[in-house]
Amino acid sequence: MLPLLEYALWAFIIGGLVGLVIDYKASTKASSFMAAIGALLLLGEVYQVYTSGPWKGTVLGIPVHVDGLSAVFLFIVGIVSLASAIYSISYMDHHEKKGKGWVYAVAYNTFIASMALVVTVSNLEYFVVSWELMTLSSFILIFWKEERKDLDASLKYYLTMHFADTIPLFLLLGLASVLTGSVHNLSYPAIHNALLTASSSTKFLFYALTLSVFISKAGVVPLHFWLPDAHPAAPSNVSALLSGIMIKTAVYGLLRFDWQMVGQSVGLGYLVAVLGAVTLTVGTLYALRETNAKRLLAYHSVGQMGYIWLGIGIGMVLIPKGGALGAIGALGMFAGLFHAINHAIFKGSLFLEAGAVEYATGTVELNELGGLGSRMKVTALATLFSSMAIAGIPPFNGFISKWLIYVAGYQSGNFVLSLGAVLAALISAATLASFVKFYGAQFGGEMERYKEVKEVPSVMQLGEWILAGLTLFIGIFPGFVVGFLNKGLSAANGGTTATVTSNLYKIGFGSVLFSPVLFVIVAGVLAFGFYLAFKPEYGKEAKPWDCGSTQIDEDEYRVNAEGIYIKYEEKIGSFYRFSDWFYAVGAGIIHYIVRAYLWMGSYFTKIVDTPYTKVEHLDDLREREILYIDEEIFRPLVRFLRIAKDVVPGIKLGTFVVIALIVVGAIMGILAVL
């Protein structure tokens with residue numbers, strides 16, 4: 001019997017093939033539906049591994065090994081993809097005027113499939129291929145709307161990935177080949193065994209190459225500059241995947257390659273923890289001043305990755321010490337993995353909710369929004385849940401994982417780690433302030449201009465609530481995921497687990513315990529008591545006083561998002577000025593990297609319409625057709641598919657699915673015979 005992972009990959013393949021249907025709506029809906037089926041199968045694979053143990057074998061000829069660590073990240077891929085795919089069934093109608101339904105179907109399903117492979121393959125060659133496929137498909141989706149600002153964002157992302165990801169990955173392939181003595185023996189166990197006897201300089205090079213890859217993909221400072229532009233450029237269902245899943249694959253890589261394959265390193269742990277502390281600070285403070293909802297969320301993705309890296313770093317520093325400190329280190333790494341799951345859930349939900357507001361109003365600018373709470377009640381409640389989760393408010397899931405990071409840092413007795421934990425706790429207050437603005441600007445007050453706005457389609461609401469509901473469920477009953485996370489921790493550390501106390505009613509470490517259920521009961525009783533004591537009155541309305549003015553629209557009688565924390569921003573203006581200067585320096589470096597890339601690329605490309613045009617800037621390429629060597633190879637196939645679409649304009653969805661299944665079956669039969 002085939003593993004569920006293989007069935008899932010076939011579902012994604014069929015979802016991509018369905019995209020060749022001419023009709024935009026049919027292709028986007030059918031491909032999104034198949035993506036949802038694939039995501040469900042991934043979750044089924046996670047359950048099988050959790051209940052039956054690790055699984056090793058081949059899937060579509062690809063060597064895979066799904067252990068506890070893979071299962072944690074495969075769960076992230078499955079749950080966020082499921083919510084996003086269901087949401088997409090109606091949401092993609094919002095982009096119908098852009099056309100390109102087949103591009104969406106192929107890229108979207110490829111993106112999810114590639115992320116599933118990244119966290120399950122057991123061979124470096126297939127990891128690199130899956131990683132690059134993930135990067136390419138995400139680049140296509142970021143550039144989906146084809147607007148000028150989106151082109152800049154997508155190019156910044158893709159060029160950053162080329163230099164910080166692709167080049168180090170191919171150098172890593174060469175290094176691994178030298179270590180194992182063969183280009184055909186790059187399995188993870190073979191590389192690990194070779195590294196056991198490798199020199200310290202070789203191990204350092206391995207660390208350097210992999211860290212470049214994972215720091216850039218995770219959006220960790222200082223390689224975070226691509227993320228705040230790329231996430232807003234993509235459609236919101238894709239942003240949920242980028243932030244909820246893709247940047248987490250870097251955490252998987254960090255643990256699988258740098259921690260498990262090379263071996264434990266206290267120095268690496270300090271580096272990871274310090275980078276985490278700096279990243280959570282920079283990302284969160286920059287998010288606080290944003291007035292574009294999706295850019296605000298993107299900067300918070302940077303900040304929340306900092307929390308995850310801090311927790312993982314605490315574990316890397318303390319686990320090698322063993323004893324009581326080793327137990328605290330295991331708690332830190334456990335908390336980092338826990339926050340990876342929690343961030344995927346609440347950030348995926350927040351991006352879907354931002355997309356719902358954009359779907360209903362046409363904008364994500366917080367300065368232009370307001371009064372949607374009474375018109376989009378389902379989305380407003382889901383946003384409230386997710387906002388409190390990311391801010392670390394109990395009883396939502398973000399509180400538990402953040403709290404455990406603080407506990408691990410405080411109890412470490414280490415100045416650097418304790419300072420990181422204190423900083424994380426303080427910055428959490430800035431996160432709360434940021435989401436007071438995020439929620440209040442969209443759903444608070446009243447605005448006449450949005451009086452006709454209606455709630456988004458029910459299938460989009462379902463996608464939002466799959467994740468928003470989990471923020472509360474996991475927050476109240478964290479014991480349901482403790483065993484699952486400990487299996488992941490054990491797989492990463494050769495049997496080490498966190499001694500977390502948990503049951504249906506409480507969770508904690510040592511003498512530090514928290515009972516979410518008791519908190520809910522006490523908070524509920526207090527809330528009901530306050531309600532009875534103050535008895536708020538409903539139904540009374542009063543017009544705001546306009547000070548005698550007749551020229552100001554009533555919609556403007558408010559403090560907009562830009563003005564909420566303006567005094568605070570002035571107080572720490574030096575931080576923003578320094579960061580802006582640093583960003584400008586980085587932008588200059590990127591400019592010269594792009595020039596170098598264009599110079600090198602000129603030997604591998606040709607400008608079709610003007611062969612002798614001088615190319616010095618990206619703008620020189622935007623109006624011309626460029627052919628690469630690999631593009632020349634695949635160009636005939638692309639032309640054939642386009643002709644097929646034109647020749648068979650009346651093809652129906654059901655007919656096409658039957659044809660696609662026949663073709664897939666024929667290919668499988670040929671492969672079986674061969």
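**The nonpolar patch, then the sheet**

Modeller: Val274, Val278, Phe415, Val416 and Leu419 make a nonpolar surface patch of about 460 Å². The model is predicted, so local features need pLDDT of at least 70 and side-chain atom pairs 80 or more, while totals for chains, interfaces and linings use all residues. Residues are numbered from 1 along each chain as its sequence is written, and side-chain values use heavy atoms, without hydrogens or water.

A patch takes residues with over 30% relative accessible area and no salt bridge; like charges are joined within 9 Å, and nonpolar side chains (Val, Leu, Ile, Met, Phe, Trp, Tyr) within 5 Å. Areas come from the Shrake-Rupley method with a 1.4 Å probe, and for residues only the protein chains shown count as cover. A salt bridge is a Lys or Arg side-chain nitrogen within 4 Å of an Asp or Glu carboxyl oxygen.

Two or more residues of the patch come from each of α12 (266-288) and α17 (415-443). Helices are DSSP runs (H or I, at least four residues) and strands likewise (E, at least two), numbered from the N terminus. Helix α17 gives the most, with 3 residues. Phe415 lies in α17, and Phe415 is exposed, with a relative accessible area of 67%; exposed means over 50%, buried under 20%, partly exposed in between.

Turning to the sheet, 3 strands form an open, antiparallel one in the order β3-β4-β5, where pairing takes at least two DSSP bridges. Its edge strands, each pairing on one side only, are β3 (501-502) and β5 (512-514). Helix α16 (residues 397-411) packs on the sheet and touches β4 and β5, contact being heavy atoms within 4.5 Å.

Definitions and conventions. Buried means under 20% relative accessible area, exposed over 50%, partly exposed in between (1.4 Å probe, protein chains only). Axes are lines fitted to C-alpha atoms, for helices over the stretch in contact, and angles run from 0 to 180 degrees between N-to-C directions.
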